[in-house]
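Here is a short report on one protein chain. Look at the structure first, then read on.

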Amino acid sequence: KNIDLNGLHHIDGKAVYNDFDIKRARLQFASKISDRTDVVLLLNLADFKSDPKNKVLENAYITYKMHPLVHFKMGQFRPAFGLQDMYAVAIIKSMDYSNQYTAFGNNGWQSFQIGGSIYGAVKGALPVKYEVSIVNGNNRNQVMDSDNGKHFSSRVELELVKSLKLKLGLNGGLASVAGDRAYASGVDVSATFPLGKKFSFEIETEAKQGNNHRLFNTLEASSRQGNLNQYLMRGLYFLPNLRYAINFKQLSSLEISCRYENFDEDFKHAGGPRQTWTPMLSAEFLKTYNARVQLGINIDKYKYNVAGTNQYNN
């Protein structure tokens with residue numbers, strides 16, 4: 001009650017709680033300009049509905065394949081720093097990316113950043129994928145970096161059991177932000193368990209921790225409680241998904257999932273730990289999620305409700 005669509009609590013009770021909206025209207029362009037070089041552009045035209053500054057353009061990068069083990073990427077892209085960086089939002093098993101993805105993106109580790117990376121894969125008994133990135137860390141479509149510091153991050157993904165698609169990801173990064181040292185780290189696991197000819201059970205879980213320099217630098221110096229090392233965010237989510245491959249005419253599958261997440265943007269201080277449940281029912285049409293219909297509910301529960309803010313149960 002009294003919560004609008006953006007999660008804001010209205011003391012006067014005048015909340016807009018229903019709406020038709022276009023969240024994403026994406027246009028993608030990909031071109032192979034040589035046998036080693038690709039160019040990719042991704043636009044979200046729905047961003048024009050609000051102030052398009054620092055929006056609209058999402059991906060704009062070029063890749064060069066020097067060797068099967070060594071590829072280069074330059075431009076604006078999503079640096080690899082977790083499971084959710086490895087696939088597009090179109091095939092996510094929940095309503096949207098997790099709260100931790102948004103927070104770590106705002107702090108320059110995930111989402112669309114400007115910079116470069118080296119990545120590749122090693123085949124063998126234990127297949128390994130890796131990516132090492134250096135980015136500005138002040139998010140997309142900026143005229144220039146906000147300081148002389150950069151974000152250095154890396155991801156290593158190990159395929160432990162091929163038949164179960166069991167993968168372990170290790171993520172870590174260091175940064176210099178406005179003269180302060182910051183770090184972020186995380187671990188993730190994903191797997192698919194066959195339950196017969198048509199059923200399968202998919203799981204993914206991810207945990208991350210790092211400095212919340214975005215929060216620290218938005219506070220007045222007089223209101224800060226300690227230095228940047230005292231401002232840490234921490235998140236954990238678990239996403240199970242039951243898939244039934246129905247393969248009836250154009251309907252490929254039915255899926256039921258429910259992601260649970262616990263996220264705290266400032267766990268060393270008396271902030272507001274947030275628990276989120278997102279039960280979902282989805283139908284996949286055609287193949288490889290070329291068309292989907294989804295129904296979901298987003299439930300947020302805070303340890304402390306603050307009236308008139310977004311920190312309120314909804």
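## Salt bridges

The count of salt bridges comes to 17. A salt bridge here is a side-chain nitrogen of Lys or Arg within 4 Å of a carboxyl oxygen of Asp or Glu. Side chains of opposite charge can pair when their charged atoms come close. This is a predicted model, in which local features need pLDDT of at least 70 and side-chain atom pairs count only at pLDDT 80 or more, while totals for chains, interfaces and linings use all residues. Residues are numbered from 1 along each chain as its sequence is written, and side-chain values use heavy atoms, with hydrogens and water left out.

## Arg 140 and its two partners

Which side chain meets Arg 140 in a salt bridge at 3.6 Å, N to O? Asp 47 does. Arg 140 sits in the loop between β6 (128-135) and β7 (151-161), and Asp 47 in the loop between β2 (37-44) and β3 (57-67), so the pair ties together parts 93 residues apart in sequence. Helices (H or I, at least four residues) and strands (E, at least two) are DSSP runs, numbered from the N terminus.

Arg 140 also meets Glu 58 in a salt bridge (3.6 Å, N to O). Glu 58 lies in strand β3 and Arg 140 in the loop between β6 and β7, so this pair ties together parts that are 82 residues apart in sequence. Arg 140 has a relative accessible area of 17%. Glu 58 has 3%. Both values count as buried, because buried means under 20% relative accessible area, exposed over 50%, and partly exposed in between (1.4 Å probe, protein chains only). Asp 47 is buried too.

## A network of charges

Lys 93, Glu 202, Arg 243, Glu 255, Glu 284 and Arg 292 are linked in a network of salt bridges. Take Glu 284 and Arg 243: their closest N and O atoms are 2.9 Å apart. Glu 284 is in strand β13 and Arg 243 in strand β11, 41 residues apart, and the pair links distant parts of the chain. Both Glu 284 and Arg 243 are buried.

Now turn to Glu 202. This residue lies in strand β10 (residues 199-211). Is Glu 202 buried or exposed? Glu 202 counts as buried, because its relative accessibility is 16%. Beyond its neighbours within four places in sequence, Glu 202 is in contact (heavy atoms within 4.5 Å) with residues including Lys 93, Leu 239, Pro 240 and Arg 243.

## Helix α1

The protein chain has two helices and 15 strands. In α1 (99-106), six of the eight residues are buried, so the helix is largely enclosed by the rest of the structure. These buried residues are Asn 99, Gln 100, Tyr 101, Ala 103, Phe 104 and Gly 105. They pack against β5 (113-122), β9, β10, β11 (232-244), β12 (251-264) and β13 (274-285). Just after α1, Gly 108 takes a positive phi of about 90°.

## Nonpolar cores

A nonpolar core is a set of buried Ala, Val, Leu, Ile, Met, Phe, Trp, Tyr and Cys residues joined through side-chain atoms within 4.5 Å. How many residues has the largest core? It has 14, and those with the most contacts inside it are Phe 104, Trp 109, Ala 175, Ala 184, Met 233 and Phe 263. α1, β8 (166-177), β9 and α2 (213-218) each supply at least two residues of this core.

A second, separate core of five residues includes Val 89, Ile 92, Tyr 97 and Tyr 101.

## The whole chain

The C-alpha trace spans about 55 × 45 × 35 Å along its principal axes. Of the 314 residues, 41% count as buried. Among contacts between residues at least 6 apart in sequence, 53% join residues at least 24 apart.

## The surface

The accessible surface comes to about 17,500 Å², and 61% of that belongs to carbon and sulfur atoms. Accessible areas come from the Shrake-Rupley method with a 1.4 Å probe; for residues, only the protein chains shown count as cover. Phe 193 is found in strand β9 (residues 180-194). Phe 193 is partly exposed, with a relative accessible area of 32%.
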